[in-house]
Amino acid sequence: MEKIYTSLGLMSGTSMDGVDASIINSNGNSDYSTVFDRYFKYNKDIFKNLVNLRDKITNFEDLKNYFEDIKSVEREITLFHSYVVKEIIKTSKVDVDFIGFHGQTIFHDSEKKITKQLGDGKLLSQLTKKIVLYNFRQNDLINGGQGAPLAPIFHKLLVNKKKIKTPITILNLGGIANITSVDENNKISSLDIGPGNCLIDSWVRLKSKLYYDENGDFAKAGKINKIILDQSLDNFYNNQISQKKSFDIKDFDLSFARGLSLEDGAATLTEFTAEICSNKIKNQNIYVCGGGRKNKFLIERIKKKINSKIELIDKIGVNGDFIESQSFAFLAIRSYLKLPISFPETTGCTKPSTGGILIKNF
C-alpha cells in the first residue's frame with residue numbers, strides 16, 4: 001500500500017494580492033483528499049512592494065540590476081509565508097510532512113530559460129521547522145520545457161477522482177489563462193492561452209482605487225472601442241509572442257486602452273482577453289477555475305465566442321479558489337518521491353521531468 005503524505009501547498013499568483021494555502025493528503029499518484037484551505041491577504045505594503053518591484057523588472061538583466069531590492073522583498077514575503085504556515089497548522093490542528101512553496105513570480109521568460117519566483121526556501125524551512133520543496137520550474141526549463149503550466153498533472157487527478165466524463169478542458173483564469181485537456185484515453189495536454197485577469201486588474205488599479213472588476217460590472221457598463229480592439233488583436237496575432245506556449249504578464253500591454261474611460265477600457269480589455277482565450281479552446285466540455293471565474297461578464301463573453309457550455313469547477317465539489325495551492329501541495333509530494341511533474345505534452349520538455357529543490361534547514 002502506497003504511503004499517504006500530508007502536504008501544505010502555498011501559492012501566490014500574478015494578482016499579487018495574497019497567499020492561498022491548502023493542506024492535502026495524497027500518495028502523490030492516484031489519490032488525494034482536501035484537508036484544509038485558507039486565503040491570507042497581503043498587507044498594503046507587501047502588495048505595493050511586489051507590484052513596484054515587478055514593474056521595475058522588464059528584462060532578465062534587471063534581475064541583476066535590482067538584486068538588493070529583490071532580496072529585500074523576497075525576505076518580506078518569505079516571512080509572510082512563514083506566518084501563513086504557522087497559522088494554518090495552528091488553526092487546522094494538522095501536522096504536515098512538508099511544504100510546497102511556489103513563491104511569487106516576478107519574471108518569466110521561457111525562451112531565455114529564465115524564471116524567477118521570490119521565496120527563500122532555506123529561510124522558510126528554518127522558520128517553520130518543516131521540509132520545504134520549492135523552485136519547481138527550473139528543472140523543466142533545463143529539460144527544454146517552458147517552465148509552465150505545472151498544474152496539469154493535478155488537474156488530471158481531479159478529473160479521475162471526480163469521475164468526470166472525458167474529453168474535458170479545465171480553463172484556469174488566473175493572471176494568465178491556461179488550459180488542461182484530458183482526452184478519452186486519459187492523456188493530458190496543456191498550454192497558456194493568453195491573458196486572464198492581468199490586463200483587466202491592472203486597468204482597474206490604474207483608473208480607480210479598486211483591485212479588480214468585480215463580476216465584470218465596469219466592463220458590462222462600458223462600450224467596446226472596436227477600432228482599438230481590432231488593431232490590438234491584429235498586433236497581437238502578428239507578433240511572435242502569440243506563438244508562445246507559456247506567457248508572462250509582461251507579454252501583454254494595456255497601453256492601447258489609454259485615453260478610454262474606466263468602463264470603456266474595461267469593456268475593451270475584457271473583449272480582448274475573451275477573444276484571445278476563446279481562440280484556443282476547442283473542447284466542448286469545459287470547467288473553469290481561478291479568480292477570473294468570478295468575473296461573470298468575462299465568462300459570458302468567452303462562452304458566447306466558443307458557443308459551448310462552461311461550468312464553474314465548484315459545481316463538482318471542488319473549490320476553484322484553491323486548485324493551484326492544492327496543486328503545489330501535490331507537486332511537493334511528487335517532487336519528494338522524484339516523480340515527474342511536467343511532461344512533453346504540458347510544458348514542451350524533452351522528457352517527463354521531476355522538479356523542486358528539497359530543503360531541510362532545522
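Predicted model: local features only at pLDDT ≥ 70, side-chain atom pairs only at ≥ 80, totals over all residues.
Colleague: Why is leucine 358 called partly exposed?

Modeller: Its relative accessibility is 41%. Buried means under 20% and exposed means over 50%. Leucine 358 falls in between, so it counts as partly exposed.

Colleague: Where is leucine 358 found?

Modeller: Leucine 358 is in strand β12, residues 357-359.

Colleague: What makes Tyr336, Leu337 and Leu358 a nonpolar patch?

Modeller: A patch residue needs over 30% relative accessible area and no salt bridge, and nonpolar side chains are joined within 5 Å. Leucine 358, at 41%, passes the area cut-off. Tyr336, Leu337 and Leu358 together form the patch, with about 230 Å² of accessible area.

Colleague: What makes β4 and β1 a pair?

Modeller: Two strands pair if there are at least two bridges between them. Strand β1, residues 5-12, has 5 bridges to β4, and the two run parallel. So they pair. Within this pair, glycine 9 has glycine 100 of β4 as its bridge partner.

Colleague: How many bridges join β4 to β6?

Modeller: 4 bridges, and the strands run parallel. Strand β6 covers residues 131-134.

Colleague: Is the pairing of β4 with β5 parallel or antiparallel?

Modeller: Antiparallel, over 5 bridges, with β5 spanning residues 114-118. Phenylalanine 107 has lysine 116 of β5 as its bridge partner. β4 and β5 form a hairpin, with 4 residues between them. In the turn, lysine 113 has a positive phi of about 60°.

Colleague: In what order do the 5 strands of the open sheet stand?

Modeller: The order is β9-β8-β7-β10-β11, and the pairing is mixed.

Colleague: Why do β9 and β11 stand at the edges?

Modeller: β9 (188-195) and β11 (309-312) each have a single partner strand, so one side of each lacks a neighbour in the sheet. Neighbouring strands of this sheet are turned by 25° against each other on average, direction ignored.

Colleague: How do you know that β10 and β11 pair?

Modeller: The cut-off is at least two bridges. Strand β10, residues 285-289, has 4 bridges to β11, and they run parallel. So the pair qualifies. Isoleucine 286 has isoleucine 310 in β11 as its bridge partner.

Terms used:
Residues numbered from 1 in each chain as written. Heavy atoms only, no water. Patch = residues over 30% accessible without salt bridge, like charges linked within 9 Å, V, L, I, M, F, W, Y side chains within 5 Å. Areas by Shrake-Rupley, 256 points an atom, 1.4 Å probe, with all protein chains shown as cover. Salt bridge = Lys/Arg side-chain N within 4 Å of Asp/Glu carboxyl O. Buried < 20%, exposed > 50% of the residue type's maximum accessible area, 1.4 Å probe, protein only. Axes fitted to C-alpha atoms, helices over the stretch in contact; angles between N-to-C directions.
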